[in-house]
Each structure stands twice: as C-alpha cells, then as structure tokens.
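Have a go at each before reading the solution.

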Amino acid sequence: MLSVLDIFKVGIGPSSSHTVGPMRIALRAVEDARGEGLLEKVARAHVSLRGSLALTGIGHGADKASILGLSGKVPDAIDPDEADAVVAAVKARKTLLLGGEREIAFDPARDIDLRGDIFPELHPNEMCVSFFDGAGKILLDVTYYSVGGGFIASERQLTNKAENDLINVGPTPQFAFGSACDLLEHCQAQGLNVDEIVLANEDCIRPREETLAAVDAIWDVMRACIHRGLTSPGQLPGGLNVKRRAPQLFERLQTTEGANESERIFDWLNVYAMAVNEENAAGGRVVTAPTNGAAGIIPAVLHHYCETEDGCDRVRVRRFLLTAAGIGMLYKQRASISGAEMGCQGEVGVACSMAAAGLAAAWGGTPQQIEHAAEIGMEHNLGLTCDPVGGLVQIPCIERNAVGAVKAVNAARLALVAADQPCVSLDQVIETMRQTGLDMSSKYKETSQGGLAVNVIEC
C-alpha cells in the first residue's frame, strides 16, 4: 500500500515527472555510487534523458533537475532560489559538486544528452546516469524511470509481477485495498469512512500524531503556494511571454461588487488554481496533488471550502486530504498518474477525481457518495490529452487546472444529490482511463508533438 505522503510530496515546479522524478533519479544514482564505494573515484558524470523526458525536458526542467540531483539536492528540501543559483553556478563554472561533496568537471551542454529519438518501451520517461573515472572507464551505469507524481522505479520494479508488489516492502496495512470495491467493503465492515480507513493504514507506518502533523504541513505548503501565486505579478519563464494572471484577478475579485454568488464561486476557484499553477510554472515550491502539472485543483477546492476568515478548519482539511489521497492511491496502483503514459487524464483527470472525493467527504458524504464523486470527476476527463505548447507547463496547463477545480466541485454536488445507484463504478472508470491511455497516440502524451503544441504558434 502507498502512503498519503507518497501521493502528496513537496517539490519544485514545473513538473513532478520531469523535475521531481529526475532529481530523485540523479540523487539515487549518487547514493548507488556511494553505497558501492565508487563516489570518490568519479571524475565525470553523464545523463541521458529519453522519450518524453527529452522531448519536453528543457521546458519541464529535466536538465535542471538532473544537475540538482547530482549535486545532492533533495526535492522537498531545496528552496527554488537556491536551486536556480546551483544550476547557474554549474553552467558558469562547468563543474559540479557531486553529492554535495566531490567536485567534478560537468558541462551540461556536453554531459546532459536529450535523446528524443529514443522512445523506451518500458516507460516513456527513461533516464540513464553514468559515472566515469579519470581514465574514462565506466564505474556505474544505472537506468531508472520517472513514473509520474515524483515516483521513480527501476526496470525490476516495473517488470515485477503485480502479485509480488507487497512482498517485503514494509509493514502490512490494517485495511489493505487494491480497488474501490475493497475500500468500500472495509468502510462497511468497520463502520468507518474513507479518511478513517486511510488513516488507520498510516498508523502502520508511523504514530498517528506524526501523520496528522504531516498532513497539516502539506496543507500549509499548499496554502503558502496559493498566497505566493496571488501576490507575485510578472511574466513566466520559458519564452511564451505568458503573464501571471492570478494577482490581477485576485485584486479585481476583492474590489468587485454585485457579481452573483455562482459567478463568484467560479472566480475564486479559478484564481486559486491558477495561482498555484503559475507558481509551479515559475519553478516554485508546490505539492504533487497528485502531480505538479495538476497541483492547483486540490488546493483551490480546499481553500475555498475549508478555509474561513479565522483560518482553516483542520478537521475538514485532514478529512479532505486523507480521502483524496486514498483515491489517488487507487489510480496509482490500478493505472498511472503519468502524463507521459496516460495523457492529461492521468494528471488533471485524477486530481479532479481526488478533489471531488475529498470535497464530498468534507461535506459529510458517505463512502458510496465519495466513490461516486470520484467516478464522476474522472468520467468527464476521459481522453484528456497532454499537449503543452513549447514543452512548457503553461498552455493549456494553467487554465486546465482552473477548469478541473470547477468540475471537481460539480462532481461532488452531483454525487451528493444523486437519488439512484450510479451505473458506472470508480473501478470501471479507472480501468477505462488506463485503456484509453494505452490507446492514445504518444504525440498526445507529454511529448509536445501533437494537439495544441503544434497548432499554436509559440510567441
């Protein structure tokens, strides 16, 4: 079983699979070399980014992430300003402090190879790291895959039989579930709601007070990201000349009078979601929810419905995030949350589904209503493509989060007022998403080779 803290991870933008994942892979390679006693012999490092990591690598920050990981930087600990300074120094000096302790020659133009001509069969986000000694002999050559949401995996892990996934990987959860059906059965048998089942499983990993503190900290990072996005005007990096819109929209909302209530709800959801994703596009500090590209949906819905003038309702926030994480685990286990594998249905679609479930829980929904909300949230995102213009997480990604937040609220409302049993189950819609992702052409899956990416002139 996955943990809530696997689904919600702190990192830097603009992409969990192309920034957080490669940073963790590079860091893992350094740890592998250290573990084998080879680190002090390394004179040169080389990184090969393949498939989607190469095709959108520069715009998504994969080159920058590789440098940071090799330098020993950890995604959830590094400050965005520090990250920029580290990368700038490496490019200027053409040297790198490997693992933060050993200086080696490193020229990104030479030592980071973008192989968009290689499209791996095992997973489209393949990254190879090689270390050489002073004579040019290979000391270590490792390959890992960035599989979405900041998760990384080896070839062995990706080819391991599903029935072996839970062998020797940690404590056994109290209420293990591999499907929404399993989850609902636990809820019924124990008389508990989804968040309580998820929290009970977390108890097998760490003391409950630590889990609750960690969940609170996740929301604090999300909330801080919203605040920065609302108060940081300017232009986003990358060359598309996209201006941040959230600060201006926020200022207008605070001073506008007379707008009807329904319009205001949409406006607030839009501005919160866009604030987060503009921060993400700028390389800011965000939480994978479940990915960076879809990081604005859950915080937007949470902020609008679980915050008051006196602060946040911690009980409702915890219920929301624990429930959303439980739904996110299902998508991760039964399909994928990688845009390079599933298209944007695996990112914005999953985030919408998670947010709908979380809001239904915060509104007092039953486990069945929560499951229904999650199903609706995904059903109307099926087939959503990932076609970032210019390889940047800006167009259509930022607005897509705003639309996803509105969809999530509507999905929760529809689920709570439904009088009849739903015809489609969450398990069925997750399997449909998986099949749709497999059928989808690779040009619509985070490669910038189709859709808006080729029909919109970069400016």
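Keep in mind that the model is predicted.

**Exercise 1.** Work out how α9 and α18 pack, starting from the handedness of their crossing.

*Solution.* 

Step 1. Look at the handedness: α9 and α18 cross in a right-handed way.

Step 2. Get the geometry. Helix α9 covers residues 180–190 and helix α18 covers residues 367–379; they pack at an angle of about 160°, and their axes lie 10 Å apart.

Step 3. Angles over 145 degrees count as roughly antiparallel, so α9 is roughly antiparallel to α18.

Step 4. Find who touches whom. On the α9 side you'll pick up Ala180, Leu184 and Cys187, and they meet Pro367, Gln368 and Glu371 of α18. Sorted by class, this contact has 4 nonpolar residues, 1 polar and 1 charged.

**Exercise 2.** Find the cavities of 30 Å³ or more in the whole structure, then describe the lining of the largest cavity by class.

*Solution.* 

Step 1. Run the search over everything: 3 cavities of 30 Å³ or more turn up.

Step 2. Take the largest cavity, whose volume is about 150 Å³. It is lined by 18 residues, and those closest to its centre are Gly293, Glu347, Cys386, Val393 and Cys397.

Step 3. Sort by class: the lining of the largest cavity has 8 nonpolar, 6 polar and 4 charged residues.

Definitions and conventions
Residues numbered from 1 in each chain as written. Predicted model: local features only at pLDDT ≥ 70, side-chain atom pairs only at ≥ 80, totals over all residues. Heavy atoms only, no water. Axes fitted to C-alpha atoms, helices over the stretch in contact; angles between N-to-C directions. Helix = DSSP H or I, 4+ residues; strand = E, 2+ residues; numbered from the N terminus. Parallel < 35°, antiparallel > 145°, perpendicular 65-115°, else oblique. Left-handed = near helix turned anticlockwise from the far one by under 90°. Contact = heavy atoms within 4.5 Å. Nonpolar A, V, L, I, M, F, W, Y, C, P; charged D, E, K, R; others polar. 1 Å grid on protein atoms, 1.4 Å probe; cavity = no way out; pocket = protein on both sides within 12 Å on 5 of 7 lines; lining within 4 Å. Points joined across faces, edges and corners; volume = space filled by probe spheres on them.
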